[in-house]
Amino acid sequence: MTGDFEDGYAAGSEAEWSDEAYAPGTEAERTFAALPPARGGGFARTWWGQAWLKALEDTALDGQQVKLGRRHARAGAVGAVSVRPGRITAVVQDRDHTRHRSDVLLQQFSAAEWDRLLDLVADRAGHIAALLDHDMPPVLVEDAAACGIELLPGIGDLDSACSCGAWDHCAHTAALCYQVARLLDQDPFLLLLLRGRGERELLEEVQNRSAARAEAPEAAETPSDRAVPSHRGVPAAEAYAARDILPPLPAPPPAVETPGTAPVLGGGTPPAPGVDPAALEFLIADTAARAQRLLAEALSPWHPDTPPPPALTPGQDAVRLAAAGPGAAVSARLAAGSGREGRGLALAVRAWELGGPAGLAVLEEEWTPQPEALARAADRLAAAWTDDENRPRLRAAGSRWTVADGTAQLRYGPDGRWWPYRKDGGRWIPAGPASDDPAGALAEAAEAAAQR
């Protein structure tokens, strides 16, 4: 893509483009000024923006139009964006400066669906606290799906209408979808507005339902209801219904700002054979830091609705400990105990620092995606470069694509993201964090290989 082409896009993408659709007439409509061109990297930074893009790319029927749309959006061809229930509207400019009115349509929730979603939120204190803090926790997607409500669009959910005359999604509507991902980075509540409810209306309804639930048990109680059962043990439903007559729970413990200092174990009586005081001091300090972090998470408003992370295996925990920089002696013990040699542990630490357990799994485990997932990954890879760019020659093996000169590699993880790797001394080295954009990930890997 030439500089003149990008300049031509940006010059015509200012917010002064006029269209009646951009004049907000109700509280349920929001208009956003045109965003500047996206220079390199992925389009979305937050979980919501990335989830929207993944839904778009996984359900698109025409990969070529998606590729052209991404090119338009990256160059700044999308004008001001109007978002209202069921519809997104913008003017998108072609390379020849022709402007097209483009609309993307998403089915609004029915009254019954909104009732189920609002009841779900009102019943969970963590969701209420997050929404009142202008935050939409990603776990809301899973909770809503369990109630039969899909917040993100699925196959066939995104309809389109464009003045270019295309009967299905075109490059202009695809560009608009990419721009929406950047807007969701700024405000994920736009997804709920598309589904039919503005933020203020949503919060008022959630608060009303929450207050009604708090008042209902008191209104239904009689003096006899307040008698504490004399027998041992009651059904869980009865215990929950009697929560207002039971003694209050003790206050939560206060937050701990910093973990405690580990004691000094050296000196005095010599340690028993095989006992390393320095290693014990390190483990005590790590335990204190983990306890402080777990307490902070337990006191957070989103803790009740956040599932616990999977337990680490001994091999994973050894890498986590090594990433804390315990010193050469302790690192050597961690390497031996986890079945790694020194350089192998260093590579594992690098992968852990870039992606935690997922990054470590991509480094050390080979996996073969199912044929459908592999085909989808190959399509995304093929659409990552435009025709006028230098498309690299890649050799595919399982979930890994290696550049023909053997210096850079892309690894496709089970989470659907792309991990950049570079070759160094006969080993593949993690070159950066995962990305939803395979072209950006491969560029990072090539740059790291060139700087080696």
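**View 1. A charge over a ring at Arg411 and Tyr421.** A charge sits over a ring if NZ of Lys or CZ of Arg is within 6 Å of the ring centre and within 35 degrees of the ring normal. Here, Arg411 lies over the face of Tyr421, at 4.0 Å from the ring centre. Please keep in mind that this is a predicted model, in which local features need pLDDT of at least 70 and side-chain atom pairs count only at pLDDT 80 or more, while totals for chains, interfaces and linings use all residues. Residues are numbered from 1 along each chain as its sequence is written, and side-chain values use heavy atoms, with hydrogens and water left out.

View 2. Strands (E, at least two residues) and helices (H or I, at least four) are DSSP runs, numbered from the N terminus, and two strands pair if DSSP finds at least two bridges between them. This open sheet has the strand order 6-7-8-9-10 and antiparallel pairing. Strand 6 (394–397) and strand 10 (427–430) each have a single partner strand, so one side of each is left without a neighbour in the sheet. On average, neighbouring strands are turned by 30° against each other, direction ignored.

**View 3. Strand 8 and its two partners.** Strand 7 and strand 8 run antiparallel and are joined by three bridges; Thr402 has Gln409 of strand 8 as its bridge partner. Four residues lie between the strands of this hairpin, where Gly406 takes a positive phi near 75°. In strand 9, Tyr421 is the bridge partner of Gln409, and Trp418 is that of Tyr412. Five residues separate strand 8 from strand 9, and Gly416 in the turn has a positive phi of about 85°.

**View 4. Strand 8 under cover.** Buried means under 20% relative accessible area, exposed over 50%, and partly exposed in between (1.4 Å probe, protein chains only). In a regular strand the side chains alternate between the two faces of the sheet. Both faces of strand 8 are covered, with Ala408, Leu410 and Tyr412 buried on one side and Gln409 and Arg411 buried on the other.

View 5. Contact means heavy atoms within 4.5 Å; axes are lines fitted to C-alpha atoms, for helices over the stretch in contact, and angles run from 0 to 180 degrees between N-to-C directions. Helix 14 (residues 342–364) lies across strands 7, 8, 9 and 10, at about 55° to strand 10. Helix 15 (residues 371–382) lies across strands 6, 7, 8 and 9, and runs at about 135° to strand 8.

View 6. Rings of Phe, Tyr and Trp (its six-membered ring) pair if their centres lie within 6.5 Å; planes under 30 degrees apart count as stacked, over 60 as edge-to-face and the rest as tilted. The count by this rule is five aromatic pairs. One of them joins Trp47 and Trp48 edge-to-face, 4.9 Å centre to centre with 85° between the planes. Trp47 is partly exposed at 39% relative accessibility, whereas Trp48 is buried at 6%. Elsewhere, ring pairs link Trp367, Trp401, Tyr412 and Trp418 into a cluster.
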